[in-house]
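The sequence and the structure come first.

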Amino acid sequence: MDILVSISQVVLYICLSVLLGTFILNLVPEKLRPAFFVPPKWLIVSSALIPLLTFVPVLYIILYISPRLGFMRALEVVITQYTIGIAWSFTFLLSSFLIFVIIIAHRANKLSRVSINVFSIFITLGIIVTIAWASHASAINMTLGIISDSLHLVAVCVWVGVVLIVAWFSTNTENWTNFLSWFSLVAISCLGATAISGFLLLDVLV
């Protein structure tokens, strides 16, 4: 089960990276990046996987206490009374809402609109906050734990997300120098934020 939890976290980071990378690059003027196209199904699948992947640690706790309470009772207790379960409920709701926004925007052919992408970024950031809320660091120190874990997750996913989208979904290599000129600063900033949040998490956990 520990291995499954670790794998789920890796895939979760990839899903969040695909979402943030796509939404951010859609906000960047075309002259400052290569052309790219991310099929909407990738965004929908990434959003749909988030509640499934974040449920794995919840399931771990459910299975741990189910021998005493029974599975259904343990499920009810964890979802309604444990912080990790309550936080997962919000993750599920926000992920479902993001899927709805992506589908509606795709059908209206407005996935590239600035307002849609800004709104989607805020929803994704909300999802990240709920994930941080369910973290071990939050259980120890809620305020510092949520802030540090959210910052850590955002920094990594922005950095990796832009790289993944450009690497997997770019359709040409135009404007490469212009892209590197601003993304280098973003990457350095993300590296700094990752280091700072890492030290904050270390302070909380250790």
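## Pockets

The largest pocket has 24 lining residues, and those nearest its centre are Ile84, Ile131, Ala134, Ser135 and His136. Helix H1 (2-27), helix H2 (40-69), helix H4 (83-107), helix H5 (114-133), helix H6 (136-140) and helix H7 (142-169) are the elements that give two or more residues to this lining. Its space comes to about 610 Å³. By class, the lining of the largest pocket holds 15 nonpolar, eight polar and one charged residues.

The model is predicted: local features need pLDDT of at least 70, side-chain atom pairs count only at pLDDT 80 or more, and totals for chains, interfaces and linings use all residues. Residues are numbered from 1 along each chain as its sequence is written, and side-chain values use heavy atoms, with hydrogens and water left out.

Some terms apply to both pockets. A pocket is found on a 1 Å grid over the protein atoms alone, as an open set of points where a 1.4 Å probe fits, with protein on both sides within 12 Å along at least five of seven lines; lining residues have an atom within 4 Å of a point. Grid points are joined across faces, edges and corners, and the volume is the space filled by probe spheres set on the points. Ala, Val, Leu, Ile, Met, Phe, Trp, Tyr, Cys and Pro count as nonpolar, Asp, Glu, Lys and Arg as charged, and the others, Gly among them, as polar. Helices (H or I, at least four residues) are DSSP runs numbered from the N terminus.

The second largest pocket has about 280 Å³ of space. It is lined by 19 residues, with Asn26, Phe37, Val38, Leu111 and Ser112 closest to its centre. H1, H2, H4 and H5 each give two or more residues to this lining, and the largest share, four residues, comes from H4. The lining of the second largest pocket divides into 11 nonpolar, seven polar and one charged residues.

## Surface patch and salt bridge

On the surface, Ile140, Phe199, Leu202, Leu205 and Val206 form a nonpolar patch with about 560 Å² of accessible area together. Patches are made of residues with over 30% relative accessible area and no salt bridge, with nonpolar side chains (Val, Leu, Ile, Met, Phe, Trp, Tyr) joined within 5 Å. Areas come from the Shrake-Rupley method with a 1.4 Å probe, and for residues only the protein chains shown count as cover. Helix H8 (residues 176-205) gives the largest share of the patch, three residues. Leu205 is placed in helix H8.

A salt bridge is a side-chain nitrogen of Lys or Arg within 4 Å of a carboxyl oxygen of Asp or Glu. By this rule there is one salt bridge, in which the side chains of Arg73 and Glu76 meet at 3.3 Å, N to O. Both residues lie in helix H3 (residues 71-81), three residues apart, about one turn of the helix.

## Accessibility of single residues

Buried means under 20% relative accessible area, exposed over 50%, and partly exposed in between (1.4 Å probe, protein chains only). The table lists residues named in this report.

| Residue | Relative accessible area | Class |
|---|---|---|
| Leu205 | 43% | partly exposed |
| Glu76 | 43% | partly exposed |
| Arg73 | 39% | partly exposed |
| Asn109 | 70% | exposed |
| Asn175 | 28% | partly exposed |
| Val204 | 11% | buried |
| Ser89 | 23% | partly exposed |
| Leu63 | 40% | partly exposed |

## Backbone and distances

Most residues other than glycine have a negative phi. Asn109, in the loop between H4 and H5, has a positive phi near 55 degrees. Asn175, found in the loop between H7 and H8, has a positive phi near 60 degrees.

Val204 belongs to helix H8, and its C-alpha atom is 6.2 Å from that of Ala137, 67 residues away along the chain. Ser89 is in helix H4; its C-alpha atom and that of Pro51, 38 residues apart along the chain, are separated by 8.5 Å. Leu63 lies in helix H2, and from Leu63 to Ile104, 41 residues apart in sequence, the C-alpha to C-alpha distance is 37 Å.

Note on methods. Patch = residues over 30% accessible without salt bridge, like charges linked within 9 Å, V, L, I, M, F, W, Y side chains within 5 Å.
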